[in-house]
Amino acid sequence: MVHLPAPSPDGALIAFIASTQLHIRSATTFDDIQIYDLSSAFDQSCRFIRWYGARCRDPKGAPQRLLLADDVRIMVFDITTSKVYAEISGATTMTKLHDIDFGWTPNEIMVFSDFGFKLQIWSLPTKRAIEIKDPKTIAVGYSYRPTTGHLAILTRPAAHDMLLIMAPQSHDVLSTSELSTVDARGVEFSPDGNWLALFDTASAGHRVVIVTADGHHFKTLLSTQDELTLGVRCMRWSSTGDYLAIGDHESTLTLFGRNTFTPRLRFLHPQSIELPNGVVWQEELGASRSRSYTQAKQPATSPSQDTFQPTRKRSSCIALMEFNHPRGDLLASSTSDTPSTLWIHSIGATSARTVTALIHHSPIKALFWHPVVEDLLLVQCAIAEPTVYLWKASWNEPKILSLSLKAPVEKLKAMWLASDEDGIRLILSTAEQSAIKLLTHEGEEVNDARGRLGPEAMFDEVVDEHASR
């Protein structure tokens with residue numbers, strides 16, 4: 001069985017486990033760079049695979065390392081050597097491992113135990129760990145300061161949220177602040193490292209706290225009739241740090257300016273779509289289940305949440321939002337009340353507009369901007385088919401790609417791989433199978449002369465049958 005495929009942060013390598021072996025493979029040549037033997041027991045119990053650099057702003061030049069972990073054992077690999085680089089046993093004893101990742105440096109491993117019991121930060125050179133009690137085990141409960149590596153982490157030792165600022169490497173506590181939040185749900189440094197933004201639980205109303213890099217309170221953004229509606233759902237800094245985007249529970253996106261933190265831009269997501277200077281695209285399903293986009297007549301109507309989940313209580317919030325990088329001048333978003341519609345907004349220095357909306361047959365599951373091609377977006381919908389949707393600002397129309405994976409296709413994950421002069425690559429994976437698609441930079445499917453790899457090699461480079469005719 002093949003499981004846990006994971007591209008490196010730059011998309012140049014793919015790591016996967018197959019037949020009690022960890023393979024590190026080139027995403028462009030499909031050659032194995034390294035193969036490591038694993039025990040059959042660890043092969044079955046391994047739950048995590050993480051590359052170093054996924055949380056760093058610029059991992060270029062850093063060692064190419066990755067880790068594998070189950071609930072009792074952590075194995076670290078450096079792809080320049082054929083042996084296991086480091087191993088940690090018994091990192092968690094009383095509880096299961098909740099999450100694990102590299103820290104700011106490739107010599108640090110962060111181990112979160114279940115139920116928010118503790119966080120251990122292990123040093124690989126010393127084989128010792130420091131412990132932080134009662135960390136908040138939420139998706140964005142900690143953040144590293146860009147360029148310096150200072151760690152900001154949310155904890156809750158008693159009835160109040162606390163913010164800890166810790167020094168890089170030594171992890172000495174530099175400041176401890178008691179927050180006014182009811183139940184803080186996220187913390188993130190700005191790209192320039194000057195600000196920390198935290199947002200409170202939606203039930204506490206709209207509350208976003210702005211803190212200086214050394215942990216001092218600067219400003220609390222509270223809702224008023226003229227600003228933001230109640231209940232923060234999500235928060236993102238733009239890639240350049242010029243804006244802090246706040247998504248609320250009324251399907252409104254508000255962008256606050258850097259330094260002053262006053263509202264500068266606002267995007268609404270109505271069910272009836274009319275874009276005076278934009279295009280609405282709608283997914284069409286053919287008789288043979290072929291999928292394509294057609295331009296919709298405006299005003300176009302987005303399917304509501306009731307279309308997909310008629311018995312579920314209707315909600316209204318920003319479900320997904322992602323800035324492109326490195327420019328941060330495009331923002332993609334979707335809402336829970338019209339879950340199959342994707343909005344793409346163009347953001348300028350003093351103005352903004354919605355350039356397009358894509359209406360699909362199924363709810364949107366995930367969004368991924370390409371790490372290098374800054375105006376290229378991959379969209380994944382909740383369908384049991386190996387299908388992905390692509391939009392690029394310079395294309396005449398968006399694309400729909402289908403890959404040849406064996407049915408049934410469950411828990412499908414799509415990810416970008418490295419791009420080069422040959423084109424753009426992406427990978428679709430399940431726990432049992434994976435396939436790679438190669439496209440030209442204009443979005444045309446390519447018939448790679450290397451063809452199909454053997455079944456023992458895990459990855460098949462899939463080619464559209466019509467492309468070779």
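Residues are numbered from 1 along each chain as its sequence is written, and side-chain values use heavy atoms, with hydrogens and water left out. Because the model is predicted, local features need pLDDT of at least 70 and side-chain atom pairs count only at pLDDT 80 or more, while totals for chains, interfaces and linings use all residues.

Start with the whole chain. Its secondary structure comes to two helices and 40 strands. Here helices (H or I, at least four residues) and strands (E, at least two) are DSSP runs, numbered from the N terminus. The chain has 469 residues, and 53% of them count as buried. Buried means under 20% relative accessible area, exposed means over 50%, and partly exposed lies in between (1.4 Å probe, protein chains only). The chain exposes about 20,900 Å², and carbon and sulfur atoms supply 49% of that area. Accessible areas come from the Shrake-Rupley method with a 1.4 Å probe; for residues, only the protein chains shown count as cover. Now take contacts, meaning heavy atoms within 4.5 Å. Among those between residues at least 6 apart in sequence, 46% join residues at least 24 apart.

Two strands pair if DSSP finds at least two bridges between them. β7 (residues 73–78) pairs with β8 over five bridges, in the antiparallel sense. Phe77 has Val84 in β8 as its bridge partner.

Now the rings. The structure holds 11 aromatic pairs. Rings of Phe, Tyr and Trp (its six-membered ring) pair if their centres lie within 6.5 Å; planes under 30 degrees apart count as stacked, over 60 as edge-to-face and the rest as tilted. Tyr52 and Phe102 form an edge-to-face pair, 5.6 Å centre to centre, with 75 degrees between the planes. This pair links distant parts of the chain, 50 residues apart: Tyr52 is in the loop between β5 (48–51) and β6 (65–69), and Phe102 is in strand β9 (residues 97–102). Tyr52 is buried at 10% relative accessible area. Phe102 is buried at 1%.

Trp369 and Trp391 are also edge-to-face, at 6.4 Å and 85 degrees. Trp369 lies in β33 (residues 364–369) and Trp391 in β35 (residues 387–392), 22 residues apart. Trp369 is buried at 6%, and Trp391 is buried at 8%. Elsewhere, ring pairs link Trp104, Phe112, Tyr142 and Tyr144 into a cluster.

Some rings have a charge over them (NZ of Lys or CZ of Arg within 6 Å of the ring centre and within 35 degrees of the ring normal). Arg65 lies over the face of Tyr85, 4.0 Å from the ring centre. Lys399 lies over the face of Trp395, at 5.7 Å.

Finish at Ala418, in the loop between β37 (413–416) and β38 (424–429). Ala418 is buried, at 15% relative accessibility. Not counting residues up to four places away in sequence, Ala418 touches Asp10, Gly11, Ala12 and Arg425. Ser26 is 392 residues away along the chain, and its C-alpha atom is 9.6 Å from that of Ala418.
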